[in-house]
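Dear colleague,

I am handing over the structure below, together with notes on what was found in it. Please read the notes with the coordinates open.

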Amino acid sequence: MLRAGPIAGAVIPVFAWALTTASALADDSQPRFDYLLNCAGCHRTDATGSEEVPALTQVAPFLATPAGRAYLVRVPGVAQAPLSDERVAALLNWALTEFGGAGEFAPYTAAEVATLRADPLRDPLRERERVKRGQTPFSRE
């Protein structure tokens with residue numbers, strides 16, 4: 001008969017915790033985790049931003065136009081994030097729902113993110129003003 005020693009008694013609960021945590025991260029908590037690691041440092045954990053960094057709490061109107069939708073992916077922090085296109089799409093969809101006040105909207109797809117990330121903005125502040133004024137099509141700087 002096998003007996004579990006003290007090491008097995010400690011390892012089994014840790015292993016069970018790791019499986020549970022990995023499973024949770026594979027679900028809806030991955031975008032939250034990605035936000036905390038890649039966005040919260042500047043936009044803050046509550047997405048309120050600062051004097052230099054815009055709040056994410058009012059970005060839903062950007063989804064109303066193709067130029068605004070593209071802008072949200074082309075800003076340097078998103079376009080250059082060290083995440084796959086799939087994870088960026090999931091992060092954007094989560095953040096827009098969680099912080100941005102977005103009701104129903106067409107979720108970003110990995111393919112859309114890949115296309116837009118290929119052309120990051122060089123002057124996001126100028127492009128933001130163009131988008132807010134409704135100038136279309138947006139310029140590829």
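The buried residues of helix α4 are covered by elements that include α5 (76-79), α6, α7 and α8 (124-132), where helices (H or I, at least four residues) and strands (E, at least two) are DSSP runs numbered from the N terminus. Eight of the nine residues of α4 are buried, a term that stands for under 20% relative accessible area, with exposed meaning over 50% and partly exposed in between (1.4 Å probe, protein chains only). The buried residues are A67, G68, R69, A70, Y71, L72, V73 and R74.

Please keep in mind that this is a predicted model, in which local features need pLDDT of at least 70 and side-chain atom pairs count only at pLDDT 80 or more, while totals for chains, interfaces and linings use all residues. Residues are numbered from 1 along each chain as its sequence is written, and side-chain values use heavy atoms, with hydrogens and water left out.

As for the chain in general, its secondary structure consists of eight helices and zero strands, and 36% of its 141 residues count as buried. Among contacts (heavy atoms within 4.5 Å) between residues at least 6 apart in sequence, 59% join residues at least 24 apart.

Two helix pairs deserve a description. α4 and α7 pack at an angle of about 75° with their axes 9 Å apart, the axes being lines fitted to C-alpha atoms, for helices over the stretch in contact, with angles running from 0 to 180 degrees between N-to-C directions. That angle makes α4 roughly perpendicular to α7, given that angles under 35 degrees count as roughly parallel, over 145 as roughly antiparallel, 65 to 115 as roughly perpendicular and the rest as oblique. R69, A70, V73 and R74 of α4 meet E112, V113, L116 and R117 of α7 in this contact, which by class has four nonpolar, no polar and four charged residues; here Ala, Val, Leu, Ile, Met, Phe, Trp, Tyr, Cys and Pro count as nonpolar, Asp, Glu, Lys and Arg as charged, and the others, Gly among them, as polar.

The axes of α6 (residues 85-98) and α7 (residues 110-117) come within 8 Å and cross at roughly 105°, and these two helices are therefore roughly perpendicular to each other. On the α6 side the contact involves D85, E86, V88, A89 and L92, and on the α7 side A110, V113, A114 and R117; these residues divide into six nonpolar, no polar and three charged.

Y35 lies in helix α2 (residues 29-38) and F99 in the loop between α6 and α7, 64 residues apart. Y35 is buried at a relative accessible area of 1%, and F99 counts as buried at 16%. The rings of W94 and F99, with centres 5.4 Å apart and planes at 85°, form an edge-to-face pair, and ring pairs link Y35, W94 and F99 into a cluster.

Best regards

How values were computed
Phe/Tyr/Trp six-rings, centres within 6.5 Å; stacked < 30°, edge-to-face > 60°.
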